[in-house]
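This briefing is intended for a reader who has the sequence and the coordinates at hand.

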Amino acid sequence: MTLTFDRPDAQRLVARLREGTVETEVTGWNPEQSAASLLTALDLAAADGHGECFWPEPTGHYWWMFSRVEARVEIAVLWSRSSAVGWQHVFR
């Protein structure tokens with residue numbers, strides 16, 4: 001899996017995830033907060049085997065989940081516009 005980050009402007013942090021031919025883009029507003037919450041979630045996954053964080057967007061939010069088994073970390077990302085709509089799979 002390939003994970004890259006870009007900061008196209010002062011308001012957004014963009015993560016690009018690629019696994020084989022599957023590629024997606026995840027955006028978080030407030031880049032400093034988004035980066036800090038992602039690093040905390042990764043630290044928790046490394047230490048405890050599971051970590052998660054949310055990246056806010058003006059129209060909803062992304063939910064990052066990390067699960068570590070030995071040296072492998074699985075990543076799942078979901079998207080939600082509201083609690084009435086529920087969660088949509090974005091990447092795994």
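**Overview**

Of the 92 residues of the protein, 36% count as buried. The model is a predicted one. The protein contains one helix and seven strands, and from the N terminus on these elements run β-β-β-α-β-β-β-β.

**Overall dimensions and contacts**

- The radius of gyration of the protein is 13 Å, which agrees with the value near 12 Å that a compact globule of 92 residues would have.
- Taken along the principal axes, the box filled by the C-alpha atoms is roughly 35 × 30 × 30 Å.
- Among contacts in the protein with a separation of 6 or more, 25% are accounted for by residues 24 or more positions apart.

**Surface and charge**

- The protein exposes about 5,800 Å², and carbon and sulfur atoms supply 53% of this area.
- There are 8 positive and 12 negative side chains in the protein.
- The centres of the positive and negative sets lie 4 Å apart.

**Strand pairing at the N-terminal end**

- Strand β1 (residues 2-9) pairs with β2 in the antiparallel sense, over six bridges.
- A hairpin leads from β1 to β2 through two residues.
- Within this pairing, D9 stands opposite R12 in β2.
- Strand β2 (residues 12-19) is also joined to β3, by eight bridges, and these two strands run antiparallel.

- Most residues other than glycine have a negative phi.
- N30 is not a glycine, yet it has a positive phi of about 65°.
- N30 lies in the loop between β3 (22-29) and α1 (31-48).
- The relative accessible area of N30 is 36%, so this residue counts as partly exposed, a class that lies between the limits of 20% and 50%.
- E70, likewise not a glycine, has a positive phi of about 55°.
- The loop that holds E70 is the one between β5 (60-69) and β6 (72-80).
- E70 counts as exposed because its relative accessibility is 71%, and the exposed class begins over 50%.

- T27 is placed in strand β3.
- With a relative accessible area of 11%, T27 is buried, because the buried class covers values under 20%.
- Leaving aside residues up to four places away in sequence, T27 touches R12, L13, V14, W55, P56, E57 and Y62.
- One of these contacts is R12, which is also the residue in β2 that D9 stands opposite.

- S83 lies in the loop between β6 and β7 (88-91).
- At 78% relative accessibility, S83 counts as exposed, since that value is over 50%.
- S83 and Y62 are 21 residues apart in sequence, and their C-alpha atoms are 13 Å apart in space.
- Y62, the partner in that distance, is also among the residues that T27 touches.

Notes. Residues numbered from 1 in each chain as written. Predicted model: local features only at pLDDT ≥ 70, side-chain atom pairs only at ≥ 80, totals over all residues. Heavy atoms only, no water. Helix = DSSP H or I, 4+ residues; strand = E, 2+ residues; numbered from the N terminus. Rg over C-alpha atoms; globule rule 2.2 N^0.38 Å. Buried < 20%, exposed > 50% of the residue type's maximum accessible area, 1.4 Å probe, protein only. Contact = heavy atoms within 4.5 Å. Areas by Shrake-Rupley, 256 points an atom, 1.4 Å probe, with all protein chains shown as cover. Lys, Arg positive; Asp, Glu negative; His and termini not counted. Charge placed at Lys NZ, Arg CZ, Asp CG, Glu CD. Pairing = 2+ DSSP bridges.
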